[in-house]
2 protein chains.
Amino acid sequence: MTDISTGVTAASGFRAAATTAGIKPSGNPDLALVLNEGPEFTAAAVFTRNQVFASPVKYTRAHNDGTFHAVILNSGNANACNGAQGDRDAEATAVAVADALGVPASEVAVCSTGLIGDTLPMDKLLAGVATVTADVRQDAATSAEAGLAAATAIMTTDTVSKQAVYRGDGWTLGGMGKGVGMMAPSLATMLVVLTTDAHVDDPAPFLKSATGVTFDCIDIDGSTSTNDTVILMANGASGVTPSGEEFSAAVHAVCLDLAKQLQGDAEGVTKRVNITVTGTGTDEDAKTAARVLGRDNLFKCAMFGSDPNWGRTLAAVGMAPVAMDPEKISVSFNGHPVCINATGAPGARDVDLSGEDIDVLVDLGTGGPGTATVWTTDLSHDYVHINSAYSS
Amino acid sequence: MTDISTGVTAASGFRAAATTAGIKPSGNPDLALVLNEGPEFTAAAVFTRNQVFASPVKYTRAHNDGTFHAVILNSGNANACNGAQGDRDAEATAVAVADALGVPASEVAVCSTGLIGDTLPMDKLLAGVATVTADVRQDAATSAEAGLAAATAIMTTDTVSKQAVYRGDGWTLGGMGKGVGMMAPSLATMLVVLTTDAHVDDPAPFLKSATGVTFDCIDIDGSTSTNDTVILMANGASGVTPSGEEFSAAVHAVCLDLAKQLQGDAEGVTKRVNITVTGTGTDEDAKTAARVLGRDNLFKCAMFGSDPNWGRTLAAVGMAPVAMDPEKISVSFNGHPVCINATGAPGARDVDLSGEDIDVLVDLGTGGPGTATVWTTDLSHDYVHINSAYSS
């Protein structure tokens, strides 16, 4: 346990608390609270793009008007697809937190992660809310340990907690995240909370820009959860107003750090596969093509088998709905050219992919300036096992 | 061995021959020829939509002008991504067949299936062409056995050959297919040849219409090969001109039969999963949503585990880029409602999915007339094994 917090309590004026409410059958911690003490309560959030979204997303999105005082997060139950009861439960959770903290319910963001389709055990959850809203007032709630406890309480099939920090000149930006794994037996979610004591007028564009090139570029299995939420809260407690350039770099750095931790702990992962596409008209086209490749099961199985199968790589990117020159596509694995102008390079079948990290570079041959990187993993027996061997 | 052919030699005036040219390391048959003796040589073909397409697709598409006299098909090598050499080899194959048969090279369709990225062993292939072009003139080339031999010679990781037939009043439509499996170590392809002795002025619209609701609705893993080709040849030898309605029904029936055989023999399959989507604005929207669900690895792992996980079903279809009413989505598994208006139905977690066939019905709640069915499979350990355990 370190004295230097790397998570949500790293920045001045932020507190955290966590408890075991009893939502998870395992008896592991499953409820976390992050509280902003001000003086400012600026906030920004981004949410899942899934048309089927959970009640906590519905609630938090409805109140995402530039300020939040606190975020309450539970694991073990996604509160998704529970109809009107789910909506009432998400609101009741916010109201209970708000009443205990003495703030309006519209100032409380709600996040849930876990099984889809079971209603929340509200008696247990509300008892847990009473605990964390009391604990968050204790001195210990500003400690590194409190941040770590919160990061631990939001884990589902995560095997390690994820925290990150950026330290500026007199100010700090910290964060925690969970996910890119699936819990037994259903979808878990990506939840991220970032806190900073910098003064920032409008963090929303910084958050959107950073998530676009970090969390949005993780693609483990193409499955987008019903609960994904990233929230940034800024309180100005440091008295420092970083330049837009520095704040942008800070948000990007912390999001990138957390995103890499999520990739490395993805379900069944044995290889981290980093796909960079170049030679497209736009960055967006490059991202689309990289994502198509990152979702191709044949390519992912080849990576699991350490097989430098550039043929599958070409066949997969060939289905991307972007402009390319099929006769000028080139591919490198770990820096070794394996395919030049859509034809195999000498020694291509002998490139060593046995390590845990594989860098794939695909140039789509249009000569355009577009480029993007997507981080995925291999498709392993453990992925199939984790996601099939448990009953609902 | 039956006297009644169910494949490409079922219709009058079609001959077939097959041999072992030595392209496959296994020593199994790997070269097939289908010859139309006329009197008519009407033909239609559809090809892969992949922007990266193989040299034989390039050659055959260039000559797809409404007539073909013969189709030469090899397995064991896809002749894809071999650059100009691949193009020259595809053309040389057609020329060799054409010279032996005494027809223009533009009248010979070429199909290949197997490993991507290795050039064809042209010495072996051309020796094989000499054999099949001689054998196809023998009396035996019109037999059921010859049709079966051709269907067998185009197999890669297929475990059974696939043939189908429709018998009209005085006329016949037969066909063979292979694929929807991946060979070690790379992409195999879907190849289908249909033959009929009916007189048909323009079979192209019939073929396009039938493939749109049969082969286009198979989606095993979202991976589209570089070599997919479906060819229909009609010679009018029966003297019968079926009505458009009957011919349409015949092409549809034979394509459906072959498509179901391909689904049932897909790599690693333990479950046949038939996904029907209703309640969309258009059939095309329904097909898009069914395809998104059929490609979702979490859903497919749940099917492998016989897990009636309707939460994953909703999360997956929620990402389909089509209009839906998220609060009115309903799901049934094998006829049992498991989710009604986006909320779990009583007993949903107890529905028995232990059989080999699973029917999934998803209504997207818009009240629109759109409907479509996509046939997929589960995602099993064997799929991962088959596609990762072999080196290139």
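Copies are superposed by least squares on the C-alpha atoms of residues with pLDDT of at least 70 in both. I noted that first, then turned to the pair of chains.

**Entry: ground rules.** I am working on a predicted model, where local features need pLDDT of at least 70, side-chain atom pairs count only at pLDDT 80 or more, and totals for chains, interfaces and linings use all residues. Residues are numbered from 1 along each chain as its sequence is written, chains are lettered from A and ligands numbered from 1 in the order in which they are written, and side-chain values use heavy atoms, with hydrogens and water left out.

**Entry: the two copies.** I laid chain A on chain B. A turn of 180° and a shift of 0.0 Å along the axis give an RMSD of 0.0 Å. That is the relation of a two-fold axis. Which C-alpha of chain A is nearest the axis? I found that of His381(A), 2.9 Å from the axis. I then checked the contact residues, where contact means heavy atoms within 4.5 Å. The same surface serves both copies, since 100% of the contact residues of chain A recur in chain B.

**Entry: H1 and H2 of chain A.** Helices (H or I, at least four residues) and strands (E, at least two) are DSSP runs, numbered from the N terminus. Axes are lines fitted to C-alpha atoms, for helices over the stretch in contact, and angles run from 0 to 180 degrees between N-to-C directions. I looked up helix H1 (residues 55–62) and helix H2 (residues 83–101) of chain A; their axes come within 8 Å and cross at roughly 55°. That makes H1(A) oblique to H2(A). The scale: under 35 degrees is roughly parallel, over 145 roughly antiparallel, 65 to 115 roughly perpendicular, and the rest oblique. The crossing of H1(A) past H2(A) is right-handed. Right-handed means that the near helix is turned clockwise from the far one by less than a right angle, left-handed anticlockwise.

H1(A) brings Ser55(A), Pro56(A), Lys58(A) and Tyr59(A) to the contact. H2(A) brings Gly83(A), Gly86(A), Asp87(A), Ala90(A), Glu91(A) and Ala94(A). I sorted these residues into four nonpolar, three polar and three charged. For the sorting, Ala, Val, Leu, Ile, Met, Phe, Trp, Tyr, Cys and Pro count as nonpolar, Asp, Glu, Lys and Arg as charged, and the others, Gly among them, as polar.

**Entry: what H1 buries.** Buried means under 20% relative accessible area, exposed over 50%, partly exposed in between (1.4 Å probe, protein chains only). Which residues of H1(A) are buried? I listed Ser55(A), Pro56(A), Val57(A), Tyr59(A) and Thr60(A). They pack against strand S3 (42–47), H2, strand S5 (108–115) and strand S9 (229–234) of chain A. In chain B, the buried residues of helix H1 (residues 55–62) are Ser55(B), Pro56(B), Val57(B), Tyr59(B) and Thr60(B). Their cover includes S3, helix H2 (83–101), strand S5 (108–113) and strand S9 (229–234) of chain B.

**Entry: H5 and H6 of chain A.** Helix H5 (residues 204–212) and helix H6 (residues 244–264) of chain A pack at about 45°, with axes 9 Å apart. H5(A) and H6(A) are therefore oblique to each other. I read the crossing of H5(A) past H6(A) as right-handed. Phe206(A), Leu207(A) and Ala210(A) of H5(A) meet Gly244(A), Phe247(A), Ser248(A), Val251(A), His252(A) and Cys255(A) of H6(A). These residues divide into six nonpolar, three polar and no charged.

**Entry: backbone checks.** I found a cis peptide bond from Gly38(A) to Pro39(A), with omega near 15°. Pro39(A) sits in the loop between strand S2 (31–36) and S3 of chain A. In chain B, Gly38(B) and Pro39(B) are joined by a cis peptide bond with omega about 20°.

Asn79(A) is not a glycine, yet has a positive phi of about 45°. I placed Asn79(A) in the loop between strand S4 (70–77) and H2 of chain A. At 1% relative accessibility, Asn79(A) counts as buried. Ala342(B) has a positive phi too, near 65°. Ala342(B) lies between strand S12 (336–340) and strand S13 (343–344) of chain B, in the loop.

**Entry: Asp378(B).** Is Asp378(B) buried or exposed? At 2% relative accessibility, Asp378(B) counts as buried. I located Asp378(B) in the loop between strand S15 (370–377) and helix H10 (381–388) of chain B. Leaving aside neighbours within four places in sequence, its contacts include Lys271(B), Lys300(B), Met303(B) and Phe304(B).
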